[in-house]
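Subject: Handover of a structure and notes on its features

Dear colleague,

Please find below the structure that I am handing over to you.

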Amino acid sequence: MTSGVTAVESALKGLDGIRGELAEFYRDLHEHPELSGGEFRTADAVARRVRGLGYEVTEGVGGTGVVAVLANGAGPTVLVRADFDALPIQEATGLPYASKTDGVMHACGHDMHATCLIGALTLLANARNSWAGTILAVFQPAEETGRGAQAMVDDGLFERFGTPDIVLAQHTAPFPVGLVGGHGGIAAAATDALRIVLHGRGGHGSRPEVTVDPVVMAASTVMRLQTIVSREIAADDAAVVTVGMMRAGTKDNIIPDDAELRLNIRTFTPETRTKVLAAVDRIVSAEAAAAGAEWKPDTSVIDTFPVLVNDADATRSTLAAFGEIFGADRVFDPGRITGSEDAGIFATSADAPLCYWMFGVLDPALFGGTDPVRILREIQSGGVDLATVPGPHTATYAPVVEPSITVGVTALTTAALTWLAAA
Ligand SMILES: [Zn+2]
Ligand SMILES: [Zn+2]
């Protein structure tokens, strides 16, 4: 460990000089979002920037991933990760730097993650006299599809660039800017996204008796799926089963041959995951049989994310370091979230501890206040209606540029210096 607060504070002094250019970089990324796996412009912008800081930069790792290494003497290898893909959403923030690409938006704040990592890499490079070890910076593509982290690992990330002793990652959150939150242990849910095709037998809408109607089969299946969480999962456990898509038919008087359902399932333990997936399979098959279908439904996996597990000790010490820098009342435990995240794949693949935290990026005015600490207390006591605040994956999710960048850069720099050795 370094000399702690002093080393961090001296590194953070450099932030004043780069705030403007980081904001400009962020706005540029925000204006030019790219979908998972197609982050070519983004990767290029990131690589050019980081190369200029003196890091050894490699592009094209696991697709469009970018790896930047700064070896600075004997010491731990600290992996700092940011994802940089966007989502298929039409932006409706009305911001002057809103997306210029139709139907694509940085609605999960990954542009903020990449910008903050660049800021931290700048401060760490400038402060290299005060620490020893290796920084392994990972700019990851395709987080939203759950593929990017695994693709980078499969492309030899650790064999080519070294195995980390700790994995650090952060995510924007729909909290007032100024707050930082992390949860030790199971911190984010596993996801299984499934596509299920129910096969009926189509025909004329006037003669249902000679058909097997997949629309009714689908409707019945959707209703029955709701009983998994309410009837099969214990009250002290948790799971989510969402049918986000249901598609069948072309015209009112035609009974179609097939119906398609798309499910999104969230669980927190392997046992519950197995149980829920088995229940889905059982219900889908049984509803098809009940409808008299001649063919069994087809199920395929769209994507999956493992559970994200924060190392309890690593999270405790990192959050303690945040408390020193931000003030202990600005650091909190948000509990486990039903969101999913593939950053944990870097840690499990490297057999290294993980610390993943969230930082608020929203205007406190959206919560009806100015002081984030006061708002946090109100949120925790149930006095703020969070449903009215635009969160990630919505068309109006709008992180404030500053002080979000300041908080994100400060958190990453602080965390990295907590794990790097003193010079
Ligand atoms: Zn995200
Ligand atoms: Zn997302």
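The notes below describe what was found, beginning with the conventions used.

This is a predicted model, in which local features need pLDDT of at least 70 and side-chain atom pairs count only at pLDDT 80 or more, while totals for chains, interfaces and linings use all residues. Residues are numbered from 1 along each chain as its sequence is written, and chains are lettered from A and ligands numbered from 1 in the order in which they are written.

**Domains**

The protein chain is divided into domain 1 (5-188 + 307-422) and domain 2 (190-305); such bounds come from an automatic or database domain assignment. Between the C-alpha centres of domain 1 and domain 2 there are 36 Å. Where the domains touch, 10 residues of domain 1 are in contact with 8 residues of domain 2 (two residues are in contact if their C-beta atoms, placed from the backbone, lie within 7 Å). The side of domain 1 that touches domain 2 consists of 2 nonpolar, 4 polar and 4 charged residues. In this classification Ala, Val, Leu, Ile, Met, Phe, Trp, Tyr, Cys and Pro count as nonpolar, Asp, Glu, Lys and Arg as charged, and the others, Gly among them, as polar.

**Nonpolar cores**

A residue is called buried if 20 or more other C-beta atoms lie within 10 Å of its own, exposed if 12 or fewer, and partly exposed in between, with C-beta atoms placed from the backbone. A nonpolar core is a set of buried Ala, Val, Leu, Ile, Met, Phe, Trp, Tyr and Cys residues joined through C-beta atoms within 7 Å.

The largest nonpolar core has 97 residues, and Leu117, Ala137, Leu168 and Ala416 have the most contacts inside it. Helix H12 (residues 401-419) gives the most to this core, with 10 residues; helices (H or I, at least four residues) and strands (E, at least two) are DSSP runs, numbered from the N terminus. Because domain 1 and domain 2 both give residues to this core, it lies between them. Leaving aside neighbours within four places in sequence, the contacts of Leu168 include Val78, Cys355, Leu412 and Ala416. Apart from this core lies another, of 20 residues, among them Leu194, Met217, Leu225 and Ile283.

Helix H7 (residues 214-232) has 19 residues and reaches 26 Å from its first C-alpha to its last, close to the 27 Å expected at 1.5 Å a residue; the expected span is 1.5 Å times one less than the number of residues. Which residues of H7 are buried? They are Pro214, Met217, Ala218, Thr221, Leu225 and Ile228. These residues cover an arc of only 95 degrees around the axis, which puts them on the same side of H7; the arc is that of the directions from the helix axis to the C-beta atoms. An α-helix has 3.6 residues a turn, so residues three or four places apart point the same way. Met223, Thr227, Ser230 and Arg231 are exposed on the face of H7 turned away from its buried side. The buried residues of H7 pack against strands E8 (190-199), E10 (239-248) and E12 (258-267) and against helix H8 (270-290).

Among the buried residues of H8 are Val276, Val280, Ile283 and Glu287. The buried residues of H8 fall within an arc of 155 degrees seen down its axis, so they line one face of the helix. Exposed residues on the other side of H8 include Pro270, Thr274 and Ala289. The buried residues of H8 pack against E8, H7, E10, E12 and strand E13 (298-305).

**Backbone details**

Most residues other than glycine have a negative phi, and most peptide bonds are trans. What kind of peptide bond joins Glu402 and Pro403? The bond is cis, with omega about 10 degrees, and Pro403 lies in helix H12.

Asp351 has a positive phi of about 55 degrees although it is not a glycine. Asp351 is found in the loop between helix H10 (344-350) and strand E16 (354-362) and is exposed, with 9 other C-beta atoms within 10 Å. His393, also not a glycine, has a positive phi near 70 degrees. The loop between helix H11 (372-380) and H12 holds His393, which counts as partly exposed, with 13 C-beta neighbours inside 10 Å.

Yours sincerely
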